[in-house]
Amino acid sequence: QLMMAVKLFEIPPEVEGVVVECGCFLGGTSAALSLACALTGRRLVLYDSFAGMPPPAPGERYGTLEETGNLCGPLERVQANVARFGRAEVCAYRQG
């Protein structure tokens, strides 16, 4: 998380853009990134299914039925963790 924040601070303020996190589990890293985003004046867009791992597709080599739903971090819990430990006002959530 520290290395991601360092890289974020290295981006010049005049460079436009948002920070994107793909997969946020329970929001721990999301909270930390939201603090860095708030300090650098950027938005953080969080993408996740908020439903855990999907069932494996036919022929899947690595996923198993037993892993379905694993790493589930419900949207409401992620939002609560970010609000408690981070800066919720810089965050946008995208489910899917």
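1. Let's start with what lies over helix α3: the cover on its buried residues includes α2 and β3, where contact means heavy atoms within 4.5 Å. Helices (H or I, at least four residues) and strands (E, at least two) are DSSP runs, numbered from the N terminus.

2. A word on the source: this is a predicted model, in which local features need pLDDT of at least 70, side-chain atom pairs count only at pLDDT 80 or more, and totals for chains, interfaces and linings use all residues. Residues are numbered from 1 along each chain as its sequence is written, and side-chain values use heavy atoms, with hydrogens and water left out.

3. Within α3 (residues 75–85), the buried residues are Leu75, Val78 and Val82. They cover an arc of only 65° around the axis, so they sit on the same side of α3; the arc is that of the directions from the helix axis to the C-beta atoms. Glu76 and Arg84 are exposed, on the face turned away from the buried side. Buried means under 20% relative accessible area, exposed over 50%, and partly exposed in between (1.4 Å probe, protein chains only).

4. Now to the sheet, which is open and has 3 strands in the order β1-β2-β3, with parallel pairing. Two strands pair if DSSP finds at least two bridges between them. Because β1 (19–22) and β3 (91–95) stand at the edges with a single partner strand each, one side of each has no neighbour in the sheet.

5. Strand β2 (residues 44–48) runs parallel to β3 and is joined to it by 5 bridges. Tyr47 stands opposite Arg94 in β3.
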